[in-house]
Amino acid sequence: MTTTAPVPVRAAPLEAARADLETRLAARAAHAGTPPPSVSRMGDTNVLGAPNSSDAADEVAPSSLAGIHLTAQAVLLGPWGGGPDTEPACGTCLAMRRQRLRTRTERDALETGAETMTAGRWPALPDHTVDAVWQTHRLIASGAARHTAPGADGTLPQVTELDLETLRLRTFPLVPEPMCPHCRPPTGAAARRAAAEATVPPLRSRPKSRPDAYRSRRPADYALPVKGLANPVCGVLGGGTWTDVTSPTTAPVAGSVFMRGYAGLTDVTWSGQANSFARSRNLAWLEGLERYAGTHRRHRAPVVTAALDDLGDRALDPRVCGLYAPRTYAGDPMVRPFDPARPIPWVTGWSLRDERPVLVPARLVYYSAGTHADNFVFECSNGCATGGSPEEAILFGLLELIERDAFLLGWYGNLPLPEIDLASVGSPEVRAMTARAALQGYDVHVFDNRVDLPLPVVTGLAVRRDDGPGTLAFAAGASFDPETAVESALSEILTYIPHLPRQVGERPEELSLMATDFDLVKRLPDHAALYGLPVMRQHARSYLEPPRTAPLAELFGAWEGQRPRTTDLLDDLTHLRDLLAGAGCDVIAVDQTTPEQRRMGLRTVATLAPGLLPIDFGWSRQRALHMPRLRTAPFRAGLTQAPLQEGELRRVPHPFP
């Protein structure tokens with residue numbers, strides 16, 4: 001029954017196999033008296049950008065219009081299924097999702113034009129494989145195929161994979177791709193709708209269940225399509241999750257996916273670190289979605305390309321958010337100084353202080369995307385947060401900004417922070433975390449890290465008792481509730497200490513060189529790992545020898561008398577806004593929410609408080625060291641007799657993980 005159509009010699013192997021499969025399926029369809037299915041190829045053309053090249057002889061039906069898609073490893077059938085309320089998806093959605101899950105080698109070959117070469121005729125399609133494709137197609141086309149995915153996954157279109165090596169059949173939900181050029185074209189109406197959705201709405205009251213509750217829902221309460229978020233064919237966040245059942249301190253669940261950024265493909269990891277695997281998994285989904293929204297724009301809201309000089313006070317001057325030292329721009333080919341006369345991309349944010357729209361450099365909002373024109377700084381996820389409402393997301397984004405700012409003020413300012421007596425903290429979770437750290441050979445300490453803002457910020461430090469590798473581990477937490485801030489800092493520490501000794505042991509010579517030449521500290525992991533060396537204790541003396549130790553209630557008594565205690569989240573957010581405005585900072589929110597998140601009841605924002613110290617990684621890229629606040633905030637708080645002078649700063653890479 002094998003009938004092979006002639007294929008041009010110059011056609012790519014996958015195109016030759018596609019044409020062959022389509023011809024043989026058409027013969028089966030003619031025999032059955034049914035319309036022949038259309039077959040597209042998938043995996044040898046870049047669908048995340050402009051294709052590298054195309055040949056007229058290789059043109060095939062667009063994958064968006066076909067129901068069968070041939071790849072080098074499998075045949076994919078769909079999207080299929082769904083009811084009247086199902087969000088539409090097409091073959092191009094599938095191709096885009098699938099490409100993001102390919103290996104680094106495959107993606108670089110497709111997306112950067114790397115040289116590739118063919119090796120024989122592939123994939124092999126014997127008759128029994130074609131029969132399997134045909135029967136699966138008929139089952140789907142007849143409506144006899146049913147998917148039984150529970151919850152939100154059951155409302156999504158489905159994709160069935162037939163593995164060409166094993167003939168294994170698997171079906172996975174497909175989350176529609178919001179940037180699909182076929183089923184979601186960038187038309188004027190779509191752009192206007194996206195612009196309206198991506199605008200931070202006027203803030204409004206949000207009822208809370210009790211004064212100390214700042215989340216409207218638990219992570220488990222969101223209707224998340226978990227199989228659509230992580231599966232090996234078309235997962236939004238990666239191919240799956242993994243658990244670390246050997247962790248002695250937490251119950252970690254994590255996943256990862258490649259995302260293309262400034263320096264090429266980056267393995268972006270997302271995780272949850274709670275005391276149960278179920279809760280950790282729910283937290284991991286939310287962090288993964290937050291990363292997904294913050295790395296790149298996933299909606300079609302308009303971008304303004306203009307020079308700051310032409311925008312005037314309509315735009316945020318990025319110089320207020322900090323720039324690198326001149327020597328960094330002179331020696332780092334990946335960055336160049338900010339030029340107010342150079343056009344750069346801007347996105348629209350909302351000033352909570354001034355109650356007006358403000359344009360924000362896209363570089364400061366989407367931290368894995370950028371252009372050559374706006375490469376004046378590398379931003380990170382600092383200030384990005386997800387919640388069940390814009391108010392909730394903004395609140396937690398601002399808490400993170402304040403936490404990182406306070407940590408850097410304490411570190412670079414070499415400030416004498418009072419230690420909190422852990423025996424005075426009534427939380428049973430704190431006692432349990434302290435005990436778990438002790439079982440790993442660590443003593444934990446927590447410090448009141450507030451400087452000029454009264455909101456509780458706590459820095460945690462774990463000290464290895466035997467002074468071996470993994471000597472010091474730092475973390476921080478911020479919250480309206482002091483005990484919650486302590487819990488947050490300790491929880492972060494517990495995620496690091498089981499792995500820190502091994503991380504140090506894997507690169508002792510490299511880290512030793514960093515300890516004598518800080519310019520070698522270039523990446524995020526370098527900062528925490530460096531303080532795993534015993535020799536770095538000398539730089540943390542202010543933490544190891546605190547000026548005093550006091551009970552929690554004594555240190556935070558004044559705050560407890562002034563913090564909001566209502567059942568309206570807007571009161572908490574307004575209080576936080578006013579604290580930052582009093583410190584001379586605007587408070588800006590940019591909506592990063594993706595269409596997928598919006599359907600799940602989530603909102604993600606990037607918050608900015610220009611003037612606060614931003615967290616950076618890499619010793620040559622420390623904006624905080626060059627900002628006025630580092631020198632003036634301790635004086636403003638009454639912690640120093642005058643603004644700090646250069647010689648009073650701790651010019652040592654920060655240990656923030």
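Buried, in these legends, means under 20% relative accessible area. All the close-ups below are taken from a predicted model.

View 1. With a relative accessible area of 3%, Tyr543 falls among the buried residues. Its ring partner here is Phe474, and the two form an edge-to-face aromatic pair, 5.3 Å centre to centre with 80° between the planes. This pair brings together distant parts of the chain: Phe474 sits in strand β16 (residues 472–478) and Tyr543 in helix α16 (residues 541–544), 69 residues apart. Phe474 has 2% relative accessibility, so it counts as buried too.

View 2. How many aromatic pairs does a search of the whole structure find? The search finds 15 of them. Among them is the edge-to-face pair of Phe338 and Phe376, with 5.2 Å centre to centre and 75° between the planes. Here again the pair links distant parts of the chain, 38 residues apart: Phe338 lies in the loop between α9 (326–331) and β10 (344–351), and Phe376 in the loop between β11 (356–361) and β12 (384–387). Phe338 counts as buried because its relative accessibility is 10%. Phe376, at 1% relative accessibility, also counts as buried.

View 3. Look at β3 (residues 74–80) to begin with: 6 of its 7 residues are buried, so the strand is largely enclosed by the rest of the structure. Strand β2 (residues 68–70) runs antiparallel to β3 and is joined to it by 3 bridges. The two strands make a hairpin, with 3 residues between them. β3 also pairs with strand β4 (residues 158–163), in the antiparallel sense and over 5 bridges. Val75 is a handy landmark for both pairings: Leu70 stands opposite Val75, and Val75 stands opposite Leu162 in β4.

**View 4. An open sheet of β6, β7 and β8.** These 3 strands form an open sheet in the order β6-β7-β8, with antiparallel pairing. β6 (242–243) and β8 (264–274) stand at the edges with a single partner strand each, so one side of each is left without a neighbour in the sheet. Strand β7 (residues 251–261) pairs with β8 over 11 antiparallel bridges. To find your place along this pairing, look for Val257, whose bridge partner in β8 is Val268. As you trace the strands, bear in mind that in a regular strand the side chains alternate between the two faces of the sheet.

**View 5. The largest cavity and its lining.** The structure holds 3 cavities of 30 Å³ or more, and the largest has a volume of about 210 Å³. Which residues lie nearest its centre? They are Glu379, Leu401, Thr607, Leu608 and Pro614, from a lining of 18 residues. Strand β19 (residues 603–608) supplies the largest share of that lining, with 3 residues. Sorted by class, the lining has 13 nonpolar, 3 polar and 2 charged residues.

**View 6. The second largest cavity, beside helix α10.** This cavity has a volume of about 40 Å³. Helix α10 (residues 390–412) gives the most to its lining, with 4 residues. Lining residues to look for include Ile402, Asp405, Ala406 and Leu409, along with Arg450, Asp452 and Arg629. By class, the lining divides into 7 nonpolar, no polar and 4 charged residues.

**View 7. Helix α12 from end to end.** At 1.5 Å a residue, the 15 residues of α12 (residues 482–496) should span 21 Å, and the end C-alpha atoms are 22 Å apart, which agrees. Which residues of α12 are buried? They are Pro482, Ala485, Val486, Ala489, Leu490, Ile493, Leu494 and Thr495.

**View 8. Pro123 in its loop.** Pro123 is found in the loop between α3 (104–112) and α4 (127–141). Its relative accessible area is 12%, so Pro123 is buried. From Pro123 to Met259 the separation is 136 residues in sequence and 28 Å in space, C-alpha to C-alpha.

How values were computed
Residues numbered from 1 in each chain as written. Predicted model: local features only at pLDDT ≥ 70, side-chain atom pairs only at ≥ 80, totals over all residues. Heavy atoms only, no water. Buried < 20%, exposed > 50% of the residue type's maximum accessible area, 1.4 Å probe, protein only. Pairing = 2+ DSSP bridges. 1 Å grid on protein atoms, 1.4 Å probe; cavity = no way out; pocket = protein on both sides within 12 Å on 5 of 7 lines; lining within 4 Å. Points joined across faces, edges and corners; volume = space filled by probe spheres on them. Nonpolar A, V, L, I, M, F, W, Y, C, P; charged D, E, K, R; others polar. Expected span 1.5 Å × (residues − 1). Phe/Tyr/Trp six-rings, centres within 6.5 Å; stacked < 30°, edge-to-face > 60°.
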